[in-house]
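Subject: Structure for your review

Dear colleague,

Please find below the structure that I am handing over to you. My notes on it follow directly after.

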Amino acid sequence: MKSVNASHILVKNEKDAKSIMTRLEKGESFEALAKRFSKCPSGSKGGNLGWFGRGDMVPEFEEACFNGKKGDVVGPVKTEFGYHIIKINDQR
């Protein structure tokens, strides 16, 4: 079974998510932005969620993780929790 190691930054609205994407494109650190802006407890660990498989996360989030490639930063992805910027750290 395929699994993914991903980090994310969770914010309340699309405007904030797009602003963070712009900052990432300009070279800011994903981990530093996660610590500063993420509304998820994982923010304190730079957004790292560790390894997970299919069925472990909400469908929209999972789809983005499994459809991307290692090293990709995708988003904003809207879920019931808010808007996510997702960094795919590794896949196996």
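Which residues of β1 are buried on one side, and which on the other? On one side they are Ser3, Asn5, Ser7, Ile9 and Val11, and on the other Val4, Ala6, His8 and Leu10, so both faces of β1 are covered. Here, buried means under 20% relative accessible area, exposed means over 50%, and partly exposed lies in between, with a 1.4 Å probe and protein chains only. Since 9 of the 9 residues of β1 are buried, this strand is largely enclosed by the rest of the structure.

Before the details, a word on the source. This is a predicted model, in which local features need pLDDT of at least 70 and side-chain atom pairs count only at pLDDT 80 or more, while totals for chains, interfaces and linings use all residues. Residues are numbered from 1 along each chain as its sequence is written, and side-chain values use heavy atoms, with hydrogens and water left out.

Overall architecture

The protein chain holds 3 helices and 4 strands, and along the sequence they follow the pattern β-α-α-β-α-β-β. Helices (H or I, at least four residues) and strands (E, at least two) are DSSP runs, numbered from the N terminus. The radius of gyration, taken over C-alpha atoms, is 12 Å, close to the 12 Å that the globule rule gives for 92 residues, so the chain is as compact as a globular protein of that length. That rule is 2.2 Å times the number of residues to the power 0.38. Along the principal axes, the C-alpha atoms fill a box of roughly 35 × 25 × 20 Å. Of the 92 residues, 43% count as buried. Contact means heavy atoms within 4.5 Å; among contacts between residues at least 6 apart in sequence, 59% join residues at least 24 apart.

The sheet

The 4 strands form an open sheet in the order β2-β1-β4-β3, with antiparallel pairing. Two strands are taken to pair if DSSP finds at least two bridges between them. At the edges stand β2 (48-53) and β3 (73-79), each with a single partner strand, so one side of each is left without a neighbour in the sheet. From one strand to the next, the twist averages 40°; axes are lines fitted to C-alpha atoms, for helices over the stretch in contact, and angles run from 0 to 180 degrees between N-to-C directions.

The pairings are as follows:

- β1 and β2 run antiparallel and are joined by 4 bridges; Val4 has Phe52 in β2 as its bridge partner.
- β1 and β4 pair in the antiparallel sense over 8 bridges, and His8 stands opposite Ile86 in β4.
- β3 and β4 (residues 82-91) are antiparallel over 5 bridges, and Lys78 stands opposite Tyr83 in β4.

Helix α3 (residues 59-67) packs on this sheet and touches β1 (3-11), β2, β3 and β4; its direction makes about 35° with that of β4. Within α3, Phe61, Glu62, Ala64, Cys65 and Phe66 are buried. What covers them includes β1, β2, β3 and β4.

Salt bridges

The structure holds 4 salt bridges, a salt bridge being a side-chain nitrogen of Lys or Arg within 4 Å of a carboxyl oxygen of Asp or Glu. Among them are these:

- Lys18 and Glu14 meet at 3.6 Å, N to O. Both lie in helix α1 (residues 14-25), 4 residues apart, about one turn of the helix. Lys18 is partly exposed at 47% relative accessibility, as is Glu14 at 36%.
- Arg23 and Glu28 meet at 3.0 Å, N to O. Arg23 is partly exposed at 24%, and Glu28 is partly exposed at 35%.
- Lys70 and Asp90 have their closest N and O atoms 3.7 Å apart. Lys70 lies in the loop between α3 and β3 and Asp90 in strand β4, so the pair ties together parts that are 20 residues apart in sequence. Lys70 counts as exposed at 55%, whereas Asp90 is partly exposed at 26%.

Yours sincerely
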